[in-house]
Amino acid sequence: MNITFYGHACFGIEIAGKHIVVDPFITGNPKAAHLVLEDVQADYILLTHAHQDHVLDVEALAERTGATIVSNYEIAMYYTAKGLKGHPVNHGGSFSTDRFTAKYVNAVHTSSFADGTYGGEPGGFVVTAGETSVYIAGDTALTMDMKLIPMTTTLTAAILPIGDNFTMGVDDAIIASNFVECTRVIGCHYDTFPPIEIDSAKAVTAFSAAGKELMLPAIGETLSIG
């Protein structure tokens, strides 16, 4: 499984030739100005919630690629009403293909589109391909529900927000990594805007002191997981 960081909370996941894009927000992110949306491949688009910094490029990406949008019922229906392909899931349910399974899990946050449309309840995903599983927390506070994940899944890595203000900060993300029983963490949702700027070196040190590895890939960088 190859994971490419596209900035903010947007990731590309390549599994055996199939491409997943999580929360596409590229064209509105000045820190990702060197990326070209038209170069991004997508067979599936996973959306954790409806906020603009997670869905800005959904329509352009889905129209070009024909990707299937996977999210909660309200978000999936919002896009299918626009003529795009969507598959609704809800918390505890899974979307499965011959390459991977994506289980929709709980998150504590809010969810609405920029036009004011209700975006359903937010969530995260546990993406599993063979022996490799990655938890994509989405925008969330620390929640005890995270303890449910290792009851059924041994995680290879966890993608956790660390920017504070709108989501967990570093200290809570370390606790979250304990809850999901995962020592390899990929940080996201930090530094994009002033309210979520952090001291990256201090964050890496804090995770290391807790016996964890915090990976902060450069925008456009690809990591091989599993």
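This is a predicted model: local features need pLDDT of at least 70, side-chain atom pairs count only at pLDDT 80 or more; totals for chains, interfaces and linings use all residues.

Visitor: Why is histidine 54 called buried?

Guide: Its relative accessible area is 0%. Buried means under 20%, exposed over 50%, and partly exposed in between (1.4 Å probe, protein chains only), so the label is buried.

Visitor: What makes the pair of histidine 54 and aspartate 139 a polar contact?

Guide: Their side chains come to 3.0 Å. A polar contact is a pair of N or O atoms within 3.5 Å; within protein, one must be able to donate a hydrogen and the other to accept it, and residues adjacent in sequence count only if both atoms are side-chain atoms.

Visitor: Which residues are in contact with histidine 54, leaving aside neighbours within four places in sequence?

Guide: Among them are His8, Asp23, Phe25, His49, Asp139 and His189. Contact means heavy atoms within 4.5 Å.

Visitor: How do you know that β3 and β4 pair?

Guide: Strands pair if DSSP finds at least two bridges between them. β3 (residues 18–22) and β4 (residues 44–46) have 3, in the parallel sense. Isoleucine 20, for one, has tyrosine 44 in β4 as its bridge partner. Helix α2 (residues 58–65) packs on the sheet there, touching β3, β4 and β5 (68–72), and its direction makes about 160° with that of β4. Such angles run from 0 to 180 degrees between N-to-C directions, with axes being lines fitted to C-alpha atoms, for helices over the stretch in contact.

Visitor: Why are β6 and β14 called edge strands?

Guide: The sheet is open, with 7 strands in the order β6-β5-β4-β3-β2-β1-β14 and mixed pairing. β6 (86–89) and β14 (222–224) each pair on one side only.

Visitor: And what makes β10 mostly covered?

Guide: In β10 (residues 132–136), 5 of its 5 residues are buried. Thr132, Val134 and Ile136 point one way, Ser133 and Tyr135 the other. In a regular strand the side chains alternate between the two faces of the sheet.

Visitor: How do you know that β10 has partners in β9 and β11?

Guide: 5 bridges join β9 (residues 123–129) to β10, running antiparallel, and β10 pairs with β11 (residues 157–161) in the parallel sense over 3 bridges. β9 and β10 form a hairpin with 2 residues between them, and glycine 130 in the turn has a positive phi of about 65°.

Visitor: What is the handedness of the crossing where α5 passes α6?

Guide: Right-handed. That word applies if the near helix is turned clockwise from the far one by less than a right angle, and left-handed if anticlockwise. Helices α5 (residues 170–179) and α6 (residues 200–209) pack at about 35°, their axes 10 Å apart.

Visitor: How confident is the predictor, going by pLDDT?

Guide: pLDDT is the predictor's confidence in each residue, from 0 to 100. The chain averages 98, and 100% of the residues score at least 70.

Key: Residues are numbered from 1 along each chain as its sequence is written. Side-chain values use heavy atoms; hydrogens and water are left out. Helices (H or I, at least four residues) and strands (E, at least two) are DSSP runs, numbered from the N terminus.
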